[in-house]
Number of protein chains: 2
Amino acid sequence: MRIALDAMGSDRAPTIEVEGAIGALRTLGGTFRLVLVGDRERIEAELAQHPDAPLDRIDIVHAPQRIEMGESPAQAIRRKPDSSIVVGLSLQKQGEVDAFISAGSTGAVMAGSLVILRPLPGVDRPAIATVIPTRTGHTLLIDAGANVDTRPSNLVQFAHLGAIYARDLMGLENPRVGLLNIGEEPEKGDERALEAYRLLQASPALNFVGNIEGRDIIEEKCDVLVCDGFAGNVLLKFYESVAAFIVGLVRSEAENAKTGIDLTRISQFLDYTEYGGAPLLGVNGVSIICHGGSPPRAIVAAIRVAVQAVESHMVKHIQNRLARLSEAQSES
Amino acid sequence: MRIALDAMGSDRAPTIEVEGAIGALRTLGGTFRLVLVGDRERIEAELAQHPDAPLDRIDIVHAPQRIEMGESPAQAIRRKPDSSIVVGLSLQKQGEVDAFISAGSTGAVMAGSLVILRPLPGVDRPAIATVIPTRTGHTLLIDAGANVDTRPSNLVQFAHLGAIYARDLMGLENPRVGLLNIGEEPEKGDERALEAYRLLQASPALNFVGNIEGRDIIEEKCDVLVCDGFAGNVLLKFYESVAAFIVGLVRSEAENAKTGIDLTRISQFLDYTEYGGAPLLGVNGVSIICHGGSPPRAIVAAIRVAVQAVESHMVKHIQNRLARLSEAQSES
């Protein structure tokens with residue numbers, strides 16, 4: 001087996017890629033070979049830093065061009081035939097290698113894969129799958145951002161793609177497939193989710209377990225979580241940042257604390273109930289909605305918000321602004 | 001000023017509501033009065049538990065019916081005219097009170113507000129606004145789940161609603177408005193986001209700061225974050241659960257650790273790079289995308305995934321499954 005690795009992709013290429021390649025050859029079992037694709041001179045210089053590198057399992061294929069992050073993916077693929085991404089994917093197309101890995105521009109790898117490898121028959125829109133950590137293990141999120149404006153039938157294809165990945169790579173014989181949605185009930189969701197639910201429910205080859213709400217993602221109620229790439233991308237990027245953020249909160253709390261960490265302060269900071277209920281804006285009045293599980297302090301916070309809303313004449317201000325907006329629109 | 005509080009809304013009503021009401025009258029300034037709406041007998045019994053309650057500022061309006069969580073909101077509003085939600089909102093409609101607060105069914109409060117209070121002129125779809133904690137303060141998320149299948153013009157109205165709330169209640173004279181999207185550039189997003197960007201950009205009354213990615217929410221690059229209710233609902237529920245989850249991770253780490261907490265383990269657990277790159281599924285080959293900022297171990301993980309994908313014949317399996325799916329569809 002031969003795996004092509006774009007040596008010019010990451011922010012610190014080819015240092016990271018060469019180090020990763022050597023690490024993989026050392027630690028992973030098997031007899032696979034790695035093909036480093038990129039600037040031969042720079043790759044060789046980097047390899048020379050590792051005198052113990054298993055060079056007998058490493059090949060280099062020269063690719064002098066590099067696709068930069070800012071470039072239009074589709075154009076870059078056409079205009080840079082000697083880029084590491086185009087060369088690496090072409091090696092696979094020609095059967096020279098069995099797989100291609102890149103830490104370069106996501107858009108360019110996607111565009112290149114579509115143009116050079118081509119979608120499989122029956123796949124309208126290939127999708128990106130990403131494993132996310134949950135309370136007890138992992139869930140595969142698909143699509144993580146390759147596609148927006150998807151149709152319900154696209155989501156069904158994502159479910160099949162994800163189910164096979166979960167079986168072949170995560171060892172799950174009959175993976176549970178869930179649909180990201182805003183409620184558990186089949187009648188919840190936007191038009192896409194409603195129709196996707198119906199189609200998934202009617203797919204005998206899938207172990208469809210129903211709708212998964214935002215709060216249930218972490219509870220791992222499914223192995224494959226299907227969604228449009230817009231929600232998937234937002235969710236994934238938010239997860240990354242919020243995890244780092246909360247660990248940072250704990251870290252600074254730990255540094256400031258003399259005796260142990262007071263997690264209560266952090267929990268409170270992250271506790272919405274501290275911020276008062278959620279107002280329904282745009283109606284002719286002040287209407288504030290609290291969680292069903294609110295503690296008394298959440299009710300106090302909501303009352304404070306209600307008092308402020310009345311005192312500040314919020315409804316009047318909304319009315320004036322929206323009236324002006326309507327006028328401007330009817331004039332234009 | 002008189003504020004109506006649904007005394008029968010929360011999971012532990014009316015205990016929580018009565019306690020919250022007394023807390024608000026004691027701790028918040030001003031001379032506002034509270035009107036507790038619900039079962040008079042139960043409210044009076046609950047008030048009797050608090051001999052020091054400021055009864056001179058509390059009124060009770062009897063409402064014998066209660067709308068349950070499972071009920072269809074629209075039907076419940078019609079069929080239960082004596083419910084605490086309908087009675088409380090009607091008090092406001094009649095000018096008896098200035099605001100209404102409920103911890104009952106979100107759908108019923110929304111439906112009731114729309115039917116009884118009515119939308120303001122120029123507002124096509126009222127939206128729920130929720131304050132979420134960020135690194136340095138808060139951001140107002142609108143819509144948090146009242147509307148799905150929104151049009152771009154709805155998002156512009158949400159922006160105005162949110163901007164006025166941010167000014168009147170958060171004290172921000174010229175709040176920064178951002179659009180939730182999958183990239184920073186104006187040309188990123190689905191059809192709705194693309195058009196909403198254009199409309200927001202063309203709104204002189206708004207301080208529009210552009211697209212906000214999932215990873216930037218926590219960085220508070222805007223004060224008002226505008227989105228469709230599907231993404232808003234998923235994001236909000238996910239945030240709640242993931243915050244509790246990570247604090248829980250820290251807590252159990254703290255309990256197990258003899259000397260201090262090792263946050264590295266938690267960071268690692270939450271670090272995607274441990275799980276390997278993201279495969280693009282559905283193309284005729286193995287194509288794996290890594291972060292541009294990947295460390296060597298992420299490259300190792302991606303190589304492991306590539307090897308597994310090749311060994312398990314994943315592409316062949318996807319091909320077979322999707323071919324069967326296409327056949328089944330063309331037969332039916």
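**Entry 1. Interface of chains A and B**

I first looked up polar contacts (a pair of N or O atoms within 3.5 Å; within protein, one must be able to donate a hydrogen and the other to accept it, and residues adjacent in sequence count only if both atoms are side-chain atoms), and across the interface of chain B and chain A the rule finds 34 residue pairs, both at pLDDT 80 or more. I then noted that helix H8 of chain B, residues 229–256, gives the most to the side of chain B that touches chain A, with 18 residues. Helices (H or I, at least four residues) and strands (E, at least two) are DSSP runs, numbered from the N terminus.

By class, I recorded 88 nonpolar, 37 polar and 19 charged residues on the side of chain B that touches chain A. Here Ala, Val, Leu, Ile, Met, Phe, Trp, Tyr, Cys and Pro count as nonpolar, Asp, Glu, Lys and Arg as charged, and the others, Gly among them, as polar.

This is a predicted model, in which local features need pLDDT of at least 70 and side-chain atom pairs count only at pLDDT 80 or more, while totals for chains, interfaces and linings use all residues. Residues are numbered from 1 along each chain as its sequence is written, chains are lettered from A and ligands numbered from 1 in the order in which they are written, and side-chain values use heavy atoms, with hydrogens and water left out.

I found 144 residues of chain B in contact (heavy atoms within 4.5 Å) with 144 residues of chain A. The two chains bury about 12,800 Å² between them, 72% of it on carbon and sulfur atoms; this is the accessible area (1.4 Å probe) that two parts lose on being put together, summed over both.

**Entry 2. B:Val242**

I looked up B:Val242 in helix H8 of chain B. B:Val242 counts as buried because its relative accessibility is 0%, the classes being buried under 20% relative accessible area, exposed over 50% and partly exposed in between (1.4 Å probe, protein chains only). Not counting residues up to four places away in sequence, B:Val242 touches A:Ile218, A:Tyr239 and A:Val242.

**Entry 3. Strands between the chains**

I traced strand S10 of chain A, residues 278–281, where A:Ala278 and A:Leu280 point one way, A:Pro279 and A:Leu281 the other way, and all are buried. S10(A) pairs (at least two DSSP bridges between strands) with strand S11 of chain A, residues 287–289, in the antiparallel sense over 2 bridges. A:Ile288 is the bridge partner of A:Pro279. The two strands form a hairpin with 5 residues between them, and A:Gly282 in the turn has a positive phi of about 110°.

S10(A) also runs antiparallel to strand S5 of chain B, residues 127–133, with 2 bridges; there A:Leu281 stands opposite B:Ala127. I found strand S5 of chain A paired with strand S10 of chain B, again antiparallel over 2 bridges, with A:Ala127 opposite B:Leu281.

**Entry 4. Salt bridges**

I counted salt bridges (a side-chain nitrogen of Lys or Arg within 4 Å of a carboxyl oxygen of Asp or Glu), and the total over all chains is 33. Across the interface of chain B and chain A there are 2. A:Lys237 bridges to B:Glu213, the closest N and O atoms being 2.2 Å apart.

B:Arg66 is partly exposed at 27% relative accessibility, and B:Glu68 is partly exposed at 39%.
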